[in-house]
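Here's a quick tour of one chain, written for someone who likes to know the cut-offs behind the words. Have the viewer open as you read.

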Amino acid sequence: MVRSILSAPGWLVFIGLVIVFPALVVLVQLTIRRRWPALARGEHNDVVGFIIAVVGVIYAVLLAFVVIVAWESFTRAEAVVGQEASALRTLYRNSAGLPADAQAEMRGLVVRYATEVVDDSWPAMAAGRPGDPEAGDILQEMTDVLADTPVTGPSQEAFVGAELDRLNQLVSLRSQRLDFVESGIPGSLWIALIVGALVTVGFALMFGLERTGIHLVMVGSLAVLIGVLLFVAVGFNYPFAGDVAVHSTPFERVLEDFGSPEDGD
């Protein structure tokens with residue numbers, strides 16, 4: 001359920017955090033001013049101001065930490081995808097050094113792998129399912145092709161060994177990509193963010209100010225700022241889900257360059 005909420009359409013999350021949340025805060029502020037008009041005199045502002053300064057700093061550090069962690073996870077996932085596609089492209093081009101039959105089979109497997117990732121793996125990752133067994137089977141077939149390649153001399157042996165190392169790199173990059181599917185911000189941090197937002201806004205609501213309009217603008221602006229930063233954290237929470245997501249463009253370029261599976265045969 002939590003993943004469904006965090007993976008909701010971006011526009012819906014934006015409306016909830018940047019529009020609805022501040023509107024509710026402003027409404028609560030109006031209610032407080034009408035229910036307890038004495039608070040507007042600000043007799044307790046010294047105490048509230050000191051506490052909100054401490055709470056604000058703590059929450060700002062926590063919120064910045066979460067946003068940075070989410071962004072770094074997103075950029076790492078994007079880099080891994082690019083490296084995986086690059087390794088796949090290199091395997092295709094280097095297959096020119098294999099015997100004709102092995103070359104045709106390896107190139108066909110490369111195109112099949114890219115097609116599997118684009119057509120099946122990416123939608124599964126967007127839905128939170130990291131498994132793509134078909135891609136794993138294709139990698140095993142690539143290993144079998146290289147293992148069955150006849151070695152006629154030291155240079156050929158070195159070449160096949162290098163290609164096996166590159167294939168192992170591809171396997172490792174695929175594993176890293178799948179690890180990012182469920183590497184969102186832990187639930188404990190989301191609880192801390194929500195509680196921290198409520199506490200910070202709560203102390204701002206208790207701050208006394210005689211002019212209603214200025215008070216509403218100040219509290220509303222604080223709520224909007226918190227909502228925007230939370231929206232950023234939600235947007236980058238799962239790198240392969242939501243409107244802000246890592247796309248399969250590098251693998252699509254592989255298919256554009258090397259053609260369909262039939263062309264690779």
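## Ground rules

Contact here means heavy atoms within 4.5 Å. Helices are DSSP runs of H or I with at least four residues, strands are runs of E with at least two, and both are numbered from the N terminus.

This is a predicted model, so local features need pLDDT of at least 70 and side-chain atom pairs count only at pLDDT 80 or more, while totals for chains, interfaces and linings use all residues. Residues are numbered from 1 along each chain as its sequence is written, and side-chain values use heavy atoms, with hydrogens and water left out.

## The whole chain

The chain has 10 helices and zero strands.

Take the contacts with a separation of 6 or more: 85% of them come from residues 24 or more positions apart.

Helix α7 covers residues 187–206, 20 residues in total, and spans 29 Å from first C-alpha to last, close to the expected 28 Å. That expectation is 1.5 Å times one less than the number of residues. Buried positions in α7 include W190, L193, F203 and L205.

Helix α2 (residues 10–35) packs against α7 at about 35 degrees, with the axes 10 Å apart. Axes are lines fitted to C-alpha atoms, for helices over the stretch in contact, and angles run from 0 to 180 degrees between N-to-C directions. On the α2 side, F21, V25, V28, Q29 and I32 meet V201, A204 and L205 of α7. The residues of this contact split into seven nonpolar, one polar and no charged; Ala, Val, Leu, Ile, Met, Phe, Trp, Tyr, Cys and Pro count as nonpolar, Asp, Glu, Lys and Arg as charged, and the others, Gly among them, as polar.

G202 also sits in α7. This glycine is partly exposed at 23% relative accessible area, and its C-alpha lies 9.7 Å from that of V28, 174 residues away along the chain.

## A loop serine

S95 is in the loop between α3 (45–94) and α4 (100–126). Is S95 buried or exposed? S95 counts as buried because its relative accessibility is 1%. Leaving out residues up to four places away in sequence, S95 touches Q103, M106 and R107.

Conventions: Buried < 20%, exposed > 50% of the residue type's maximum accessible area, 1.4 Å probe, protein only.
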